[in-house]
Amino acid sequence: MSHIEGHMTEVIREAIDLEINGKRFYERAAEVTENELGKHMFERLAKAEDGHMEEVGEIFTQMTGSEEWREIVEQEMRSAKIGKTVKV
């Protein structure tokens with residue numbers, strides 16, 4: 001792996017981490033929110049994070065010609081211990 005590819009992988013990992021942490025936040029907010037409208041809003045925001053991860057992955061694939069991002073998502077989801085809802 002070249003220096004640029006290694007750097008790109010780290011940038012993608014950081015972007016995925018941000019999306020996973022956002023998803024975790026919104027899922028937790030949905031759990032503790034008593035207002036049904038608020039609960040629904042947070043659930044939709046959590047689901048939107050999955051789409052963001054897909055977009056980050058597509059950009060990574062276009063730039064590198066690799067779908068290594070899918071493995072990164074799997075690793076990060078396992079370490080974050082949240083449900084796998086992203087299509088990898």
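This is a predicted model: local features need pLDDT of at least 70, side-chain atom pairs count only at pLDDT 80 or more; totals for chains, interfaces and linings use all residues.
View 1. Glu31 is exposed, with a relative accessible area of 57%. Its partner in a salt bridge is Arg28, and the closest N and O atoms of the pair are 3.2 Å apart. Arg28 is partly exposed, at a relative accessible area of 49%. Side chains of opposite charge can pair when their charged atoms come close.

**View 2. Lys39, a buried residue without a salt bridge.** Lys39 is part of helix α2. The nearest side chain of opposite charge belongs to Glu36, 5.1 Å away. A salt bridge requires a distance within 4 Å, so Glu36 does not count as a partner for Lys39. Apart from neighbours within four places in sequence, Lys39 is in contact with Ala30, Glu31 and Thr33.

**View 3. The salt bridge between Arg78 and Glu74 in helix α3.** The N to O distance between these side chains is 3.7 Å. Arg78 and Glu74 are four residues apart in helix α3, so about one helical turn separates them. Arg78 counts as exposed, with 54% relative accessibility. Glu74 is partly exposed, with a relative accessible area of 25%.

**View 4. Glu67 and Arg70, joined by a salt bridge.** Here the N to O distance is 2.6 Å. Glu67 has a relative accessible area of 45% and is therefore partly exposed. Arg70 also counts as partly exposed, at 25% relative accessibility.

**View 5. A network of salt bridges linking Lys23, Glu27 and Asp50.** The structure holds six salt bridges. Three residues, Lys23, Glu27 and Asp50, are connected through a network of such bridges.

**View 6. The largest nonpolar core.** This core has 11 residues in all: Met8, Ile12, Ile16, Ile20, Met53, Val56, Phe60, Trp69, Ile72, Val73 and Met77. Helices α1 (3-32), α2 (36-64) and α3 (68-80) are the elements that each give two or more residues to the core. In soluble globular proteins, nonpolar side chains tend to be buried together.

**View 7. Glu5 and Met63, separated in sequence by 58 residues.** The C-alpha atoms of Glu5 and Met63 are 9.5 Å apart in space. Glu5 lies in helix α1. With 39% relative accessibility, Glu5 counts as partly exposed.

Note on methods
Residues are numbered from 1 along each chain as its sequence is written. Side-chain values use heavy atoms; hydrogens and water are left out. A nonpolar core is a set of buried Ala, Val, Leu, Ile, Met, Phe, Trp, Tyr and Cys residues joined through side-chain atoms within 4.5 Å. Buried means under 20% relative accessible area, exposed over 50%, partly exposed in between (1.4 Å probe, protein chains only). Lys and Arg count as positive and Asp and Glu as negative; His and the chain ends are not counted. Contact means heavy atoms within 4.5 Å.
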